[in-house]
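These entries record what I looked up about the ligand and its surroundings. I began with the contacts and then turned to the strands.

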Amino acid sequence: MTGVTLEAGSGSVMLRIGDDGIAEIVWDLPGRSVNVLNPESLAAFAAAVDRVLGDPAIRGAIVTSAKSGFIAGADHAWLSALAAGATAPELLETVMGVQTLFRRIEKASKPFVAALNGTARAGGFELALACHYRIGVDDANARVGLPEATVGLMPGAGGSQRYLRMLGVMAAMPLLLEGRLLAPGDALKAGLIDAAVPPGELLAAARRWIGAAKPDALVKRWDKPGFVPPGVDPRTAQGANAFAAAHALQRKRSQGNYPALDAIQQVVYQGWVVPLDVALKLEAKYFVKILRTPVARAMMRTHFISLPRANKLARRPVDVAERGIAKIGVLGAGMMGAGIAHVTAAAGIAVVLIDRDQALAARGKDHTQRQCQAAVEKRRLTPAEADRVLGRITPTADYAALAGCDLVIEAVFEDRALKADVTGQAEAVLGADAVFASNTSTLPISGLAAAARRPERFIGLHFFSPVERMPLVEIIRGRQTGAAALARAMDFVRRIGKTPIVVNDTRGFYTSRVFATYIDEGVLMLAAGIAPALIENAGRSAGMPVAPLALCDEVSLELIHKVNRQTAVDLGPAFRETAATRLIARMVEREGRIGKRAGRGFYDYPAEGRKRLWPDLAGLAGARVPSPPIADLKERLLAIQALEAARCVEEGVIEDAGDADIGAVLGWGFAPWTGGPLSYIDMVGPAAFVAACERLAARHGERFVPSAWLKARGEQGDLFHPMIATKAS
Ligand code: NAI
């Protein structure tokens with residue numbers, strides 16, 4: 001294409017005008033890997049739109065991007081700053097400004113086509129929705145949609161209203177409430193995009209559409225007289241019922257913890273009966289209200305600030321140069337070892353996978369074979385790529401094959417002597433520079449390092465199960481772990497696409513230690529005679545993904561009992577037996593109820609139908625007490641975890657509040673609406689949290705007693721995440 005190229009707004013958006021009179025508006029924010037909406041890029045885009053509309057030589061415009069994705073949504077830093085620093089009227093003006101810009105495109109008498117060259121999310125997809133036509137690419141990795149609800153927000157640039165008008169209530173609602181992103185093929189089926197073509201044909205297809213566009217195609221359905229959204233009408237009895245049912249379902253899932261979900265349902269309901277321009281104002285008002293809620297602000301901080309910081313390795317030792325990782329060893333090809341080998345090979349690193357004999361090692365590799373096969377069937381991987389991944393894994397029983405490894409991860413049985421033995425065998429062939437990591441879930445790293453010749457090169461790399469799905473790796477620094485080992489471990493975690501948090505060595509590290517308090521509190525409630533069903537409801541209502549007693553069954557009561565016994569041995573007289581450890585011991589030893597896998601735990605697992613609480617459970621505990629309000633139980637379950645997380649900060653187990661929050665949310669699904677346990681304390685307020693702990697301590701025991709350190713923080717109003725207070729509107 002010849003023609004002119006114009007740049008607008010410090011080069012964020014380019015306008016190329018072709019000889020055929022078709023303009024390309026190309027998003028390409030300088031110095032960033034993805035395009036985002038921020039004041040500069042929006043101003044640049046507005047200038048390009050002005051030019052297209054004002055220049056009679058331009059027939060229409062293709063909106064596209066020069067990055068691998070289209071537009072990722074609003075700039076997170078901008079959004080967070082707005083939430084904290086702008087008044088409600090200022091915010092409303094900003095949001096309405098974006099809506100007006102998008103509406104100008106929609107009402108233009110020249111065609112605008114969104115050529116979605118890759119992922120288009122949130123505000124980026126809302127821009128596309130305002131265009132007259134959307135073309136996606138045939139790319140299994142591209143996604144389009146409005147994921148705002150997943151970070152406690154809602155669409156604010158017309159998304160809720162255009163979804164409603166394009167899809168109808170019943171189809172739009174779940175997409176909005178779950179923040180679902182769709183592959184282009186699915187978006188096409190749903191009617192959110194109009195075509196999907198191979199990447200190389202995207203611009204040509206857009207040009208063709210513009211060339212053939214009739215004036216009628218430039219008037220959206222909802223701007224034609226007599227339009228009503230498709231599907232159910234909320235003004236009818238049937239429609240009212242559908243809304244009520246959808247609301248009940250949403251409340252059941254979210255337990256009322258997410259204000260954005262209620263707002264989405266309200267704005268879809270209210271937006272149905274009014275013209276789009278009125279509906280957009282409604283959406284903007286709700287958006288502003290939601291953006292300023294503590295839930296949205298906490299979730300945004302965790303997802304937009306803490307998470308990217310961890311992913312960028314903000315805490316990596318700065319004076320250690322990055323050294324590539326070409327080959328690693330994995331000791332133990334069991335459940336964890338096989339998963340670690342798979343994600344490592346998928347990231348392009350060669351893996352020596354060792355087990356006690358060749359057959360066991362090969363069985364570990366079979367896991368990757370099955371995973372790759374499934375990925376090929378889903379078109380996430382080509383057969384050639386799958387072969388390459390598999391080719392990187394060498395299963396063997398021969399430790400000599402570990403020669404030349406940059407890193408070895410041990411994932412053999414949880415047994416100190418065995419771990420010491422395999423550490424010695426590996427070190428005998430490893431170079432002096434190699435790092436040795438243990439995936440132990442319970443054994444302190446400094447103790448394991450005692451068996452190593454080079455304890456400064458020994459570290460903990462705690463993966464979660466299933467390895468492929470769980471995004472977090474907890475890196476544990478032993479007493480003697482050096483900076484080079486930490487840097488290598490962090491580089492590795494980033495390389496395999498996971499999020500690292502860094503913690504210091506202690507029993508249970510950070511995640512298992514805090515997570516254990518949740519389970520423990522549930523069992524203590526049970527032992528105190530609280531109705532089991534009420535305990536379970538309280539866990540779910542607190543926003544925990546799995547209720548405490550159900551979780552005991554999942555983890556297995558037998559394993560919890562084993563860890564308790566091991567802790568008793570390790571701690572000696574310092575170990576305190578509690579009503580919870582006694583109840584677990586009785587379940588396992590006397591009742592033979594060891595957990596879900598055995599079909600018998602706190603629940604019964606009938607072959608047919610759903611699990612149900614074991615009817616004799618109440619008999620195990622003390623006398624049944626009158627049911628306390630569920631809000632009290634919910635507070636107990638969250639406060640005990642938050643308090644333990646705070647203790648980890650106090651003791652220096654975890655040094656970064658952001659790490660503590662993402663470790664909790666990604667590691668064991670800690671109530672996401674809070675942003676994490678330390679965000680929860682900030683949300684409650686430092687002084688109010690201390691007061692709540694004192695009240696709980698008086699009623700339920702000394703485990704709730706806040707330390708002098710925490711009390712001092714409460715008195716001074718110290719936040720774990722200092723931030724600017726919301727400006728009064
Ligand atoms: P697993 O029992 O599935 O696998 C252990 C593997 O180690 C087996 O394949 C076994 O044959 C192999 N092994 C035993 N002795 C060996 C030797 N001398 N040389 C080479 N291989 C040997 O156990 P899993 O669940 O994979 O756990 C492994 C480690 O990961 C344990 O330390 C565990 O605490 C830890 N972990 C487990 C998690 C889980 O959810 N299962 C989560 C996080 C850590």
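Predicted model: local features only at pLDDT ≥ 70, side-chain atom pairs only at ≥ 80, totals over all residues.

Entry 1. A polar backbone atom of M336 lies 2.8 Å from an oxygen atom of the ligand. For G334, I found a backbone N or O atom 3.3 Å from an oxygen atom of the ligand. S441 takes part through its side chain, where an N or O atom is 2.8 Å from a ligand oxygen atom. I then noted the cover: of the 830 Å² of accessible area that the ligand has on its own, the protein covers 80%.

Entry 2. How many residues surround the ligand? I found 22, and the closest are M336, D355, E414, K419 and S441.

Entry 3. Which element gives the most to the shell around the ligand? It is α16, with three residues. At least two residues each come from α13 (335-346), α16 (416-427) and β16 (458-463).

Entry 4. I next examined β16, one of the elements that supply the shell. Six of its six residues are buried. F458, G460 and H462 point one way from the strand, while I459, L461 and F463 point the other way.

Entry 5. Finally, I looked up the pairing partners of β16. Strand β15 (residues 435-438) pairs with β16 in the parallel sense over three bridges, and F436 has F458 as its bridge partner. With strand β17 (residues 472-477), β16 pairs in the antiparallel sense over four bridges; here the bridge partner of F463 is V473.

Key
Residues numbered from 1 in each chain as written. Heavy atoms only, no water. Near = heavy atom within 4 Å. Polar contact = N/O pair within 3.5 Å; in protein donor to acceptor, adjacent residues only side chain to side chain. Areas by Shrake-Rupley, 256 points an atom, 1.4 Å probe, with all protein chains shown as cover. Buried < 20%, exposed > 50% of the residue type's maximum accessible area, 1.4 Å probe, protein only. Pairing = 2+ DSSP bridges.
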